[in-house]
Amino acid sequence: YWLDHGIRVYSPKVITFTYELPSEVSLAAIRQVFSSPLVSSYGTTETGFVMDSGPDGRYYQNTEFCRIDFLPLKERYGGPDLGRIAVSTFGNPWAYILRFDVGDLVRVGRGSGFGFTADSVEGRAANSTFTVGGGLVTTAMADRALSAIPGIRDYDLTQTSPDGYALK
């Protein structure tokens, strides 16, 4: 609304996203309205706070709280750089969790020297789809493609058949 109407608003010191991965389409609009740094806190209800995004946009493990095991997909589906993660928590007085598959796909990062690093969180494995040729399409892959459409603010992409999609 603010962007569409040219309304200037206060920019807080930081904007933090939790429990939801914002789409590239939403982030583009947010960046045009706010000058604040954007941080995405990644976690799950079961495991708590697992990773935080850094200024480079990559996600860094909360090493004091958990261990992350990377489970790469087969090469034909984007592995070895794309895969699932399993999280084990440390010192949680309410629940002991060992290698919990969070159900999300991540693209592994290289060379951070600080625990596990993900270049991106690609979305829920259950929300992924496939190309007609059998290649994997993650939520983030579809979002990156759709965010390239100038002026797009929102979208609804639904798979209607094995080789059909509806975009609204």
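How many residues lie between β11 and β12 in their hairpin? Two residues separate β11 and β12 there. This is a predicted model, in which local features need pLDDT of at least 70, side-chain atom pairs count only at pLDDT 80 or more, and totals for chains, interfaces and linings use all residues. Residues are numbered from 1 along each chain as its sequence is written, and side-chain values use heavy atoms, with hydrogens and water left out.

**Overall build**
- The protein has three helices and 12 strands. Both are DSSP runs numbered from the N terminus: helices are H or I with at least four residues, strands are E with at least two.
- Its C-alpha atoms fill a box of roughly 50 × 45 × 30 Å along the principal axes.
- Of the 168 residues, 37% count as buried. Buried means under 20% relative accessible area, exposed means over 50%, and partly exposed lies in between (1.4 Å probe, protein chains only).
- The accessible surface is about 10300 Å². Carbon and sulfur atoms hold 55% of that surface. The areas come from the Shrake-Rupley method with a 1.4 Å probe; for residues, only the protein chains shown count as cover.
- Among contacts with a separation of 6 or more, 37% join residues 24 or more positions apart. A contact means heavy atoms within 4.5 Å.

**Nonpolar cores**
- The largest nonpolar core has 14 residues. Such a core is a set of buried Ala, Val, Leu, Ile, Met, Phe, Trp, Tyr and Cys residues joined through side-chain atoms within 4.5 Å.
- Y42, V50, M51, I68, I85, V87 and F116 touch the most other members.
- Strands β3 (48-53), β5 (66-72), β6 (82-89), β7 (100-108) and β8 (117-124) each supply at least two residues of this core. The largest share, three residues, comes from β7.
- Another core, of five residues, lies apart from the largest one. I15, F17, L27 and V33 are among its members.
- In soluble globular proteins, nonpolar side chains tend to be buried together.
- F116 touches M51, Y59, Y60, Q61, I68, F70, I85, V106 and V108, not counting residues up to four places away in sequence.

**Helix α2**
- Helix α2 spans residues 24-33. Its buried residues include V25, L27, A29 and V33.
- Their cover includes α1 (2-5), β1 (15-18), β2 (38-44) and α3 (139-147).

**S120 in β8**
- S120 lies in strand β8. With a relative accessible area of 14%, S120 is buried.

**D81 in the β5–β6 loop**
- D81 sits in the loop between β5 and β6. At 34% relative accessibility, D81 is partly exposed.
- Its side chain makes a polar contact of 2.8 Å with the side chain of R110.
- Beyond four places in sequence, D81 is in contact with F70, V106, R107, V108 and R110.
- D81 and V108 are 27 residues apart along the chain, yet their C-alpha atoms are separated by 5.4 Å.

- Strands β11 (157-161) and β12 (164-167) pair in the antiparallel sense over four bridges. Pairing requires that DSSP finds at least two bridges between the strands.
- L157 stands opposite L167 in β12.

Note on methods: Polar contact = N/O pair within 3.5 Å; in protein donor to acceptor, adjacent residues only side chain to side chain.
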